[in-house]
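Welcome! Here is a short tour for anyone meeting this protein for the first time. Please keep the structure open as you read.

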Amino acid sequence: MAAPSVVSYTENLLKYMRLDQKGSAMAEYIWIDSTGGVRSKSKTITKIPESGQFTLDDLPEWNFDGSSTGQAPGGDSDVYLRPVAIFPDPFRGAPNVLVLTECWDPDGTPNKYNYRAECARLMNAHKEHEPWFGLEQEYTLLDMSDRPYGWPQNGFPGPQGPYYCGVGAGKVFCRDIVEAHYKACLNAGIKISGTNAEVMPAQWEFQVGPCDGIEMGDHLWVARFLLHRIAEEFGAKISFHPKPIPGEWNGAGLHSNFSSKEMRTEGGMKHIEAAIKKLEGRHKEHIAVYGEDNTMRLTGRHETGRIDTFTYGIANRGASIRIPRECGAKGYGYFEDRRPASNADPYQITGIMMETIYGGLYGSELKK
């Protein structure tokens, strides 16, 4: 694939990866920074539980220099990492683990960029509705010069058409990264439900879900972390920009599927329609947290609705909200919010969905 500027020899690495860890485990603490990127650092855990399975109680709170990630000023730079979810580590293998964390400030409040804390409270407040989410993460693979992978250096590939779910050389690029990511997610226990090549060449999608409540954001963020780490090994970059190439090329979204227990049972269409009506009333509030540069994507073209207009329909991929044809025929199921950009935060998406449909945390008035 790519020709990395720094040579790494896999065979040399493997002989070290096979070394005995002498009863200790390596925990990779993962967090989300001020730009919506992922960061991580490793911690040695000297005591492995007899069961071999770590719990959150086994993992200490840690900290990092928030002034280097845009999350704290230099004069008061400590930001604390609180473990919230544990996954097997597909890179280092057992007993090593990946640890998703929340960022907290020294005064005991969530860091400004910690969107998980409020999302978790909303999920807990409305858990009787048994919310299920499924997110479709689109992304673009770039070479080290920020050109879509496989594109001509001094031109463009042929028009869109043969690339979506394509098979064969010249139709798809970097399938090895996609396959490696799929396997790593399954190994880590991520609820990945599928993957496919997308409409623009070098653009792909993976789906995570159905997930219950806060689990949705946790699994998608760790899946993003795994994608970045795997692409790093192949000498490629991952872009979540919603419109990486201007012109007649599809953008990248994070289509968000939602249902409650009321929507999933016979007669559920009335609950779906009631939820859509509430979403229509807060269109601007949703757009505000549905990702950066989404104006470049939501133009009413290339399978999108317009950013300033709320629409919905059955099987309509040009609408803000799509009700799948099967659900329309049965009269129950779920709906798809097609507005979120590929770089949106899943905690903000799922959090505002719960807030709009079921109410905010601070009484009857929704929190602004």
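## How confident is the model?

The protein has an average pLDDT of 94, and 96% of its residues score at least 70. Keep in mind as you look around that this is a predicted model.

One stretch deserves a more careful eye. Over residues 363-368 the pLDDT stays under 50. For that stretch, the model has 9 contacts beyond four places in sequence.

## Two domains

Let us turn to the overall layout. The domain assignment gives domain 1 as residues 25-113, while domain 2 is made of two pieces, 124-153 and 160-358. Between the C-alpha centres of the two domains the distance is 26 Å. Where they touch, domain 1 contributes 14 residues and domain 2 contributes 15 residues.

Next, find helix α5 (residues 269-281) and helix α8 (residues 346-358). Their axes are 9 Å apart, and the helices pack at an angle of about 105 degrees. Because angles of 65 to 115 degrees count as roughly perpendicular, α5 is described as roughly perpendicular to α8.

Which residues of α5 and α8 make the contact? From α5 come Ala 275, Lys 278 and Leu 279, and from α8 come Met 353, Thr 356 and Ile 357. Sorted by class, this contact has 4 nonpolar residues, 1 polar and 1 charged.

## Backbone details worth a look

The bond from Ala 94 to Pro 95 is cis, with omega near 5 degrees, and Pro 95 sits in the loop between β4 (78-88) and β5 (97-104). The bond from Gly 209 to Pro 210 is also cis, with omega near 0 degrees. Pro 210 is placed in strand β8, which covers residues 203-212.

Finally, visit Cys 165. This residue is not a glycine, yet Cys 165 has a positive phi of about 55 degrees. Where is Cys 165 placed? You will find Cys 165 in the loop between β6 (132-142) and α3 (175-188).

Key: Residues numbered from 1 in each chain as written. Predicted model: local features only at pLDDT ≥ 70, side-chain atom pairs only at ≥ 80, totals over all residues. Heavy atoms only, no water. Axes fitted to C-alpha atoms, helices over the stretch in contact; angles between N-to-C directions. Helix = DSSP H or I, 4+ residues; strand = E, 2+ residues; numbered from the N terminus. Parallel < 35°, antiparallel > 145°, perpendicular 65-115°, else oblique. Contact = heavy atoms within 4.5 Å. Nonpolar A, V, L, I, M, F, W, Y, C, P; charged D, E, K, R; others polar. pLDDT = per-residue confidence, 0-100. Domains from an automatic or database assignment.
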